[in-house]
Amino acid sequence: MPDRTVAPPFREIETFQLQIPVKDRLKNGVEFFYHAQPGLEVCKIDICFTGGRKAEKKAGLGNFTAGLLREGTSRYSSEEINSSLESYGSFIECNATSDQFVISVYSLVEKLGDVLILIRDMISDSIFPEEQLGKYKSSQISKLKINLEKTSFVAKRHILESIFGNKHPYGRVTIPGELESLQREEILEYFDAIVKNRQFTVFASGDLGDREIELINNYLGSLRAQPSDTITLPKSHFDATKYSEDWDQAVQSTIGLAGPVPGLHHPDTHRLSFTCDILGGYFGSRLMKNLREDKGYTYGMYSHLTHLVDGSYFFTTADVIKDKREEAIREVRKEIELLRTERVGDEELTTVKNYTIGSFLTSVNSSFSQIQLYRYIHLHGLPESHFESQIEIIKSITSDYILETARQYFDPASMVEVMVG
Amino acid sequence: MIEYDSYRLNNGLQVYVIPDRSIRSVVMNLAYNVGARDEEPGMTGFAHLFEHLMFGGSVNIPEFDTPLQKVGGENNAYTTSDYTNYYMTLPASNLETGFWLESDRMLSLSFSPGVLETQKKVVIEEFKQRYINRPYGDIWHKLRPVAYSTHPYRWPVIGSEISHVENADMENVRSFFFTHYNPDNAVLVVAGDVDPDNIFEMSDKWFGPIDRQTDYKRNLPEEPAQTKKREVIVEADVPQNALYKVYHIPGRGQNGYRAVDLLSDLLGRGKSSRLHDKLVQKKQVFTTVGANVTGTLDPGLLVIQGFLKDGIDFGDAERLVDGVIAEVRDEIVTEPEYNKIINQAVSSLAFSRVELLSRATAIAYGHLLGNPDYANKELDLIRSVSRESVCEAAGKYLIPENSTTLQYHRKKS
């Protein structure tokens, strides 16, 4: 019988090295990055346009354009596009994220050529038929109405609105009435400005051989790719006024704290992210231990740093027992205060260091995840050594640094508090 | 094709290894052959509550998560009606820590009363967060007990009511542990940057000394064939009327399952599927509609679910769904449509093999089905379903007397 009271010896975790993808250009000059992983029989291609939701003149335009992109071109009807894609066993996801408009193509490599013919057509010639718009509207409105009955959704919306202000596209909330009023012309205008014949970048991974590279070059390389107009964003305006909504019918309340933080290019960014991890970045974090494991107030509480291209913020939320919501938010404040007043012990520091490094290393286990990391670096204009530096900085971080970071950037008194439910 | 090596310990623990040297990390997937179907009707939700307790410390190790995090690993678990799965990923160099932790909690838990009390609260909050505090969250609480009269699938994994979780005591915990958490009732899959012989050796070292405690023979009541259509009507404060129709179908691994699975794709997967095309696009009675199978080991359900457009009558919507089903039953599926559902299934399978963890889980799941190589046979199983058998499945299973309908009405304000 082995001695079970002693843990097996710990071995230093190898340093992570980002695999740099093949960097190529399509014949139209578009940047093309890819990682090949033979034998999978499938591949994924992300086609990324600059803009996303922040290029919207009205809330909802990016999402509607994305949702309707497969609903018809001059040549193919909605029915033809969808039944063709489905008949190849392929699927696509179109999303307007905060900063980008992204078409992700998932396909058996055997069918890639057929799929790309359609994709090219959708990018260059979508017509957004009025009839499809009507249907899409009603389904989006009903989804939004369902979401508006979830405390967590309403709380998160309010957090974004507080951080950026309701004039800023990152902070603007969508209401059913506004979606109802969206016009086909407005969608076409957005499509022309961001997608149609506009500059894009391609990130591909999976079972990519010469044939597949050639197909991508033929179909996506023959699109015109003109730069889109520069987007001028309104100044964001942080409003830390406490926000609460009481819902009679809710059995839980969503509570949260949030505030703006420096972005990825700031020299303290890795320390900031590490400090956030200590607070609520993993299952054994302080928030989890206190609110879930010790008090049982919630099923789970995490804290996050979200980095958008034009703004970054910290937030932590949880769905908690309604009667305990005041205690819960007090505990969250207490945990943040603690980070600002007491040094983190050696044991905890080692745990979080190894955990963050290890979990990062183990999360990268296919060409799909490798290329996602590269896409992130590319979007934010970070050096290719970004993740390696992050790991080096984490290894060398001390409890003094954390104390300093928490004092400088995590002040509960200047955060916005939300409580819904 | 998933290549694996296999080894069985003397105490009955089954081990599989999937070497993949292209990856720097390791996945350790340990599945116990116990799920919500093994619960007593008065103590539903227990298998899932128990899963939470598995993280509350074992006989020699006071806490599960911290030592794992210390070596750069992370983990999670989930409970289904059929089995309970624990999985972790960690850097290959620290794999032995995973063996140490997993084997100690298989040996025995700490059975600490404090842990039980806290996890009961946590699970109750999970119950509220997922099943009460959101619109339509209670669908399966309403539907399961009507669709199933006898089989334990008649309650959801979270439990049929909160009081069952509240009433759980330490005696229940001990007896559940010693009945189900035995080496011969588990399957371990290790995948990634590893050497099979080394894994077998480590398995013997850490899991070998654990003895089997009791003999549990699963003996679940079989669900009798349904003979009459069943209906449930619910009214609640939800934004939109919703219609659910479920039909009894074979269990995964049983004859006929693959054909029904493809039938559900034909009916309700994607925009070109029959239901979406006819009832969302053309007739416009639903805003969304889809179909899927529950895919359980014992006989499961084919589920059709849709949100009704405002002003549409439930009876009309249901008749139109029945009409779509009748067409599948009475007319042969066309060649292009057949090719479509095969391509969709083949593609989904290929995508599900990209990540290391899902390959490991596929082998574990095959083992629970009685054949680890099931994962490698799935492609042939899909391709061996004929056009005729998809239509036959509609005629055999999608009939009114085999169905339960749930009308979820929006409360009029």
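Helix H10 of chain A, spanning residues 286–294, has buried residues at A:Arg286, A:Leu287, A:Met288, A:Asn290, A:Leu291 and A:Arg292. Here buried means under 20% relative accessible area, exposed means over 50%, and partly exposed is in between, with a 1.4 Å probe and protein chains only. Helices (H or I, at least four residues) and strands (E, at least two) are DSSP runs, numbered from the N terminus. After H10(A) comes A:Gly296, with a positive phi near 65°.

A word on the ground rules: this is a predicted model, in which local features need pLDDT of at least 70 and side-chain atom pairs count only at pLDDT 80 or more, while totals for chains, interfaces and linings use all residues. Residues are numbered from 1 along each chain as its sequence is written, chains are lettered from A and ligands numbered from 1 in the order in which they are written, and side-chain values use heavy atoms, with hydrogens and water left out.

Now for chain A as a whole. Chain A has 15 helices and 11 strands. Its radius of gyration is 24 Å, close to the 22 Å that the globule rule gives for 421 residues, so chain A is as compact as a globular protein of that length. That radius is taken over C-alpha atoms, and the rule is 2.2 Å times the number of residues to the power 0.38. Along the principal axes, the C-alpha atoms of chain A fill a box of roughly 65 × 55 × 45 Å. Of the 421 residues, 58% count as buried. Contact means heavy atoms within 4.5 Å; among contacts in chain A between residues at least 6 apart in sequence, 81% join residues at least 24 apart.

The accessible surface of chain A comes to about 17100 Å², and 48% of it belongs to carbon and sulfur atoms. Such areas come from the Shrake-Rupley method with a 1.4 Å probe, and for residues only the protein chains shown count as cover. As for charge, chain A carries 47 positive and 60 negative side chains, with the centres of the two sets 2 Å apart.

A:Thr316 sits in strand E10, residues 311–321, and counts as buried at 0% relative accessibility. Not counting residues up to four places away in sequence, A:Thr316 touches A:Ile255, A:Gly256, A:Leu257, A:Leu287, A:Met301, A:Tyr302, A:Ser303 and A:Val332.

Most residues other than glycine have a negative phi. A:Glu41, in the loop between strand E2 (31–36) and strand E3 (42–50), has a positive phi of about 70° although it is not a glycine. A:Glu41 counts as partly exposed at 46% relative accessibility. A:Phe128, likewise not a glycine, has a positive phi of about 50° and is found in the loop between helix H3 (112–125) and helix H4 (130–147). At 1% relative accessibility, A:Phe128 counts as buried.

On to chain B, which has 15 helices and 11 strands. With a radius of gyration of 23 Å, close to the 22 Å that the globule rule gives for 413 residues, chain B is as compact as a globular protein of that length. Its C-alpha trace spans about 65 × 45 × 35 Å along the principal axes, and 62% of its 413 residues count as buried. Chain B exposes about 15600 Å², with carbon and sulfur atoms supplying 48% of it.

Finally, the two chains meet. In all, 73 residues of chain A are in contact with 72 residues of chain B. In chain A, A:Arg4, A:Glu86 and A:Tyr299 lose the most area to chain B, together 14% of what that side buries; buried area is the accessible area (1.4 Å probe) that two parts lose on being put together, summed over both. A:Tyr299 turns up again around B:Glu126, whose contacts beyond four places in sequence are A:Tyr299, B:His48, B:His52, B:Tyr131 and B:Ile158. B:Glu126 lies in helix H4 of chain B, residues 113–132, and is buried at 3% relative accessibility.

Definitions and conventions. Lys, Arg positive; Asp, Glu negative; His and termini not counted. Charge placed at Lys NZ, Arg CZ, Asp CG, Glu CD.
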